[in-house]
Amino acid sequence: MYNIKAVEQMTGVNRNTIRAWESRYDFLKPERNGIGYRTYSDREVEIVKRVKERVDKGQMASLAIKVVMKEMGCVGNEQTANG
């Protein structure tokens, strides 16, 4: 499990952008640790990387998220990404 700072470093996606995607697009639902910080699984990190690749190629974030979540076998934008 990774905190948001680690995810930012691993993916190149700013933590504020990750948080914005989570709230705007119902994207990912990271677990919270004992003190309330977000924790991300390997699968969630991979999803963020794939979304970033698409956004970097010019795709709108909302569409990139929808496509990646579908590719990764997530139903809608549900937390099945945590898997």
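This is a predicted model: local features need pLDDT of at least 70, side-chain atom pairs count only at pLDDT 80 or more; totals for chains, interfaces and linings use all residues.
1. Residues are numbered from 1 along each chain as its sequence is written, and side-chain values use heavy atoms, leaving out hydrogens and water.

2. Searching the whole structure turns up 1 aromatic pair (ring centres within 6.5 Å, taking the six-membered ring of Trp). The ring centres of Trp21 and Phe27 are 5.8 Å apart and the planes stand at 80°, so this pair is edge-to-face (over 60 degrees).

3. Now to the helices, which are DSSP runs of H or I with at least four residues. Helix 1 (residues 4-11) packs against helix 2 (residues 15-24) at about 105°, the axes being 9 Å apart; the axes are lines fitted to C-alpha atoms over the stretch in contact. The two helices are therefore roughly perpendicular (65 to 115 degrees). Helix 1 contributes Ile4, Lys5, Val7 and Glu8 to the contact, and helix 2 contributes Arg15, Ile18 and Arg19 (contact means heavy atoms within 4.5 Å).

4. Finally, have a look at Thr39 in strand 2 (residues 38-39), a strand being a DSSP run of E with at least two residues. Thr39 is buried, at 13% relative accessible area. Beyond its neighbours within four places in sequence, Thr39 has contacts that include Met1, Tyr2 and Pro30.

Note on methods: Rings of Phe, Tyr and Trp (its six-membered ring) pair if their centres lie within 6.5 Å; planes under 30 degrees apart count as stacked, over 60 as edge-to-face and the rest as tilted. Buried means under 20% relative accessible area, exposed over 50%, partly exposed in between (1.4 Å probe, protein chains only). Axes are lines fitted to C-alpha atoms, for helices over the stretch in contact, and angles run from 0 to 180 degrees between N-to-C directions. Angles under 35 degrees count as roughly parallel, over 145 as roughly antiparallel, 65 to 115 as roughly perpendicular and the rest as oblique.
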